[in-house]
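Here are my notes on the model, as numbered points. Please read them with the coordinates open.

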Amino acid sequence: MPKTAPPRLPVAQLAYLAVFGVFVFIYLRRVLNGTATDLDWITLGVATVLLLVTAYRVLIALTKPGA
């Protein structure tokens, strides 16, 4: 039975995931606190989209059979 290498973690994508998560947390807190400006709403929307896309890419990378 040949040994296979353990799946590689997408470290860079996990770092992006952490950064986008922090942005979403900070700006969501400002929005829920009622002190958000229009730019805060835009930043929250962009950070949320990037967070979801990065999370999807991490899941794909972790479940790829040949990775």
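1. Start at Ala-47. Beyond its neighbours up to four places away in sequence, Ala-47 touches Phe-20, Phe-23 and Val-24. Keep in mind that this is a predicted model.

2. Ala-47 also belongs to the largest nonpolar core. That core has five residues in all: Val-24, Tyr-27, Val-31, Leu-44 and Ala-47. Helices α1 and α2 each supply at least two of the core residues. The most comes from α1, with three. As background, nonpolar side chains in soluble globular proteins tend to be buried together.

3. How far does α1 reach from its first C-alpha to its last? The span is 33 Å for 23 residues, close to the 33 Å expected at 1.5 Å a residue. After α1 comes Gly-34, with a positive phi near 90°.

4. Which residues of α1 are buried? They are Gln-13, Phe-20, Val-24, Tyr-27 and Val-31. The cover over these buried residues includes α2, residues 38-63. For the spacing, recall that an α-helix has 3.6 residues a turn, so residues three or four places apart point the same way.

5. Gln-13 deserves a look. Gln-13 sits in helix α1, which runs over residues 11-33. Its relative accessibility is 18%, so Gln-13 counts as buried, because the cut-off for buried is under 20%. Setting aside neighbours within four places in sequence, Gln-13 is in contact with Thr-54, Arg-57, Val-58 and Ala-61.

6. Now the aromatics. How many aromatic pairs does a search of the whole structure find? The search gives two. In one of them, the ring centres of Tyr-16 and Phe-20 are 6.1 Å apart and the planes are at 15°, so this pair is stacked. Both residues, Tyr-16 and Phe-20, lie in helix α1, four residues apart, or about one turn of the helix. Phe-20 counts as buried, at 17% relative accessibility.

7. Phe-23 and Tyr-27 form a stacked aromatic pair too, at 6.3 Å centre to centre with 5° between the planes. Why are Phe-23 and Tyr-27 separated by about one helical turn? Because they are four residues apart in helix α1.

8. Tyr-27 is buried, with a relative accessible area of 17%. Tyr-27 is also one of the five core residues, while Phe-23 is among the residues that Ala-47 touches.

How values were computed:
Residues numbered from 1 in each chain as written. Predicted model: local features only at pLDDT ≥ 70, side-chain atom pairs only at ≥ 80, totals over all residues. Heavy atoms only, no water. Buried < 20%, exposed > 50% of the residue type's maximum accessible area, 1.4 Å probe, protein only. Contact = heavy atoms within 4.5 Å. Expected span 1.5 Å × (residues − 1). Core = buried A, V, L, I, M, F, W, Y, C linked by side-chain atoms within 4.5 Å. Phe/Tyr/Trp six-rings, centres within 6.5 Å; stacked < 30°, edge-to-face > 60°.
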